[in-house]
Amino acid sequence: MSSATTWTLRRVQQLAAGQSYVEDVASVRLRAVLDSGVYSATADAAALRRTRVFVRSLPP
């Protein structure tokens, strides 16, 4: 597994757990949108077929 893939999976796991690494997004706000069902974090490409908007995170 490449370091970029490892980085991406780690970030997805953080987001899915409600732990924000984004300076402008508080973890409490992230947890609120996760709990509401408005947002979810996934590395599953098949999930893209079921969504209208997605955000892609790239390693630095």
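**Notebook: core, loop and pocket**

I began with Val33, which touches Val38 and Tyr39 when residues up to four places away in sequence are not counted. I noted that this is a predicted model.

Next I looked up the largest nonpolar core. Val33 belongs to it, along with Val12, Leu15, Leu30, Leu34 and Ala41, six residues in all. I asked which elements give two or more residues to this core, and found H1 and H2. H2 gives the most, with three residues. I set a general point beside this: in soluble globular proteins, nonpolar side chains tend to be buried together.

Then I went to Ser20. I found Ser20 in the loop between H1 and H2. Is Ser20 buried or exposed? Its relative accessible area is 19%, so Ser20 counts as buried, the cut-off being under 20%. A polar atom of the Ser20 side chain lies 3.1 Å from the backbone nitrogen of Val22. Leaving aside neighbours within four places in sequence, I listed the contacts of Ser20 as Val25, Ala26, Ser27 and Leu30. Of these, I had already met Leu30 in the largest nonpolar core.

Last, I checked the largest pocket. It holds about 1,000 Å³ of space. I counted 32 lining residues, and the closest to the pocket's centre are Ser40, Thr42, Phe54, Val55 and Arg56. Helix H1 (3-16) and helix H2 (27-36) are the elements that give two or more residues to the lining. H1 supplies the largest share, six residues. I sorted the lining by class: 20 residues are nonpolar, eight polar and four charged.

Methods:
Residues numbered from 1 in each chain as written. Predicted model: local features only at pLDDT ≥ 70, side-chain atom pairs only at ≥ 80, totals over all residues. Heavy atoms only, no water. 1 Å grid on protein atoms, 1.4 Å probe; cavity = no way out; pocket = protein on both sides within 12 Å on 5 of 7 lines; lining within 4 Å. Points joined across faces, edges and corners; volume = space filled by probe spheres on them. Helix = DSSP H or I, 4+ residues; strand = E, 2+ residues; numbered from the N terminus. Nonpolar A, V, L, I, M, F, W, Y, C, P; charged D, E, K, R; others polar. Buried < 20%, exposed > 50% of the residue type's maximum accessible area, 1.4 Å probe, protein only. Polar contact = N/O pair within 3.5 Å; in protein donor to acceptor, adjacent residues only side chain to side chain. Contact = heavy atoms within 4.5 Å. Core = buried A, V, L, I, M, F, W, Y, C linked by side-chain atoms within 4.5 Å.
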